Amino acid sequence: MSWSSPSSSPGDPHYTLPNEWGFADERLALLGAAYDSGSIALAQRLGVKAGSRCLEAGAGGGSFARWLCSVALPGGRVLAVDADPRHLADLPGLGGEVAQLDLVTGDIPERAFDFVHTRFVLLHIADRDIVVERLVRALVPGGVLVLEEGDGLGVLDEMPGAFGEVWRAFAHSTEIAGASQSWARSLPAQLDALGLVDVHAEAEIPMFRGGSPMARMWSLTWVQTHDTLVSLGIPPEVIAAAQAELEDQQQWLYAPPIVRAWAHRAGTTDL
Ligand SMILES: C[S@@+](CC[C@H](N)C(=O)[O-])C[C@H]1O[C@@H](n2cnc3c(N)ncnc32)[C@H](O)[C@@H]1O
């Protein structure tokens, strides 16, 4: 499909799903409900435990940072950073630290963490490659970097129905704002090139039922980006049809893949 001109200027880098939106806390909680189990399973496999020093970069609603607090503290450290940390206010009460910080320019502690994690953050940042290098520098020798980022991997093109049509327009709108929906596939090669060791990667295509947390998360995403989608030429009826698909418990849908890439900084740690 060819796209209409959006109302924002092309190339203008701004995050398309700002945390100040009225339902952002609910949307971020649903994101956590949909993806935390995968993130937690990987972190457990990689040995996050009591005493681990952890950096959650782009912590959003904070559900994964809360889990890190429950495991690593006391004795360890959990620093949750976000450009807009408004949904992280409870973390200090759990023993965690919160910092408002732009990952591109902010002061990220170096050689400080056993475990550094992002999820659905870097793809949105135009200077994402710089951030990967900065996150590598945040690791202690032997520490592990885990990057979980979305990548269409061709799945988007095949996605059927109104949900697929809206998803493709949404992906396009994020790319206009500086995101990349085809970058995460380069992560394992990038981690190799940065000299990390034990580099691994996998991609998963989540399948979900209408009415599930994942479905509600996407439905809220279309609410948040409704005007942008319309400005790109998606009729409101198509957005409504996509939301009806997402509410229909008889429907099974699939989301674009999540790429997980992880690797260690050379050296040793007792993580
Ligand atoms: C889609 S949310 C993901 C939140 C969380 N990682 C999760 O998966 O539940 C992306 C988060 O990245 C943050 N973010 C975007 N650009 C950022 C930047 N340049 N520096 C720091 N945080 C950023 C946003 O504020 C938002 O909280």
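Me: What makes strand E5 and strand E9 partners, and in which direction do they run, parallel or antiparallel?

Reply: In this predicted model, 7 bridges join strand E5, residues 139-150, to strand E9, residues 258-264. Pairing requires at least two bridges between two strands, so E5 and E9 count as paired, and they run antiparallel. Within this pairing, Ala261 of E9 is the bridge partner of Leu147.

Me: Why are strand E3 and strand E6 said to stand at the edges?

Reply: The open sheet has 7 strands in the order E3-E2-E1-E4-E5-E9-E6, with mixed pairing. Strand E3 (97-100) and strand E6 (197-204) each have a single partner strand, so one side of each is left without a neighbour in the sheet. On average, neighbouring strands of this sheet are turned by 15 degrees against each other, direction ignored.

Me: Which strands does helix H1 lie across, and which does helix H3 lie across?

Reply: Helix H1 (residues 24-45) lies across E4, E5 and E9, running at about 150 degrees to E4, while helix H3 (residues 128-137) lies across E1, E4 and E5, at about 145 degrees to E5.

Me: What does it take to call Trp167 of H5 buried?

Reply: Buried means under 20% relative accessible area, and Trp167 is listed as buried in H5, as are residues including Phe163 and Phe170. The buried residues of H5 pack against several elements, among them helix H7 (213-224) and helix H9 (236-247).

Note on methods: Residues numbered from 1 in each chain as written. Predicted model: local features only at pLDDT ≥ 70, side-chain atom pairs only at ≥ 80, totals over all residues. Heavy atoms only, no water. Helix = DSSP H or I, 4+ residues; strand = E, 2+ residues; numbered from the N terminus. Axes fitted to C-alpha atoms, helices over the stretch in contact; angles between N-to-C directions. Contact = heavy atoms within 4.5 Å. Buried < 20%, exposed > 50% of the residue type's maximum accessible area, 1.4 Å probe, protein only.
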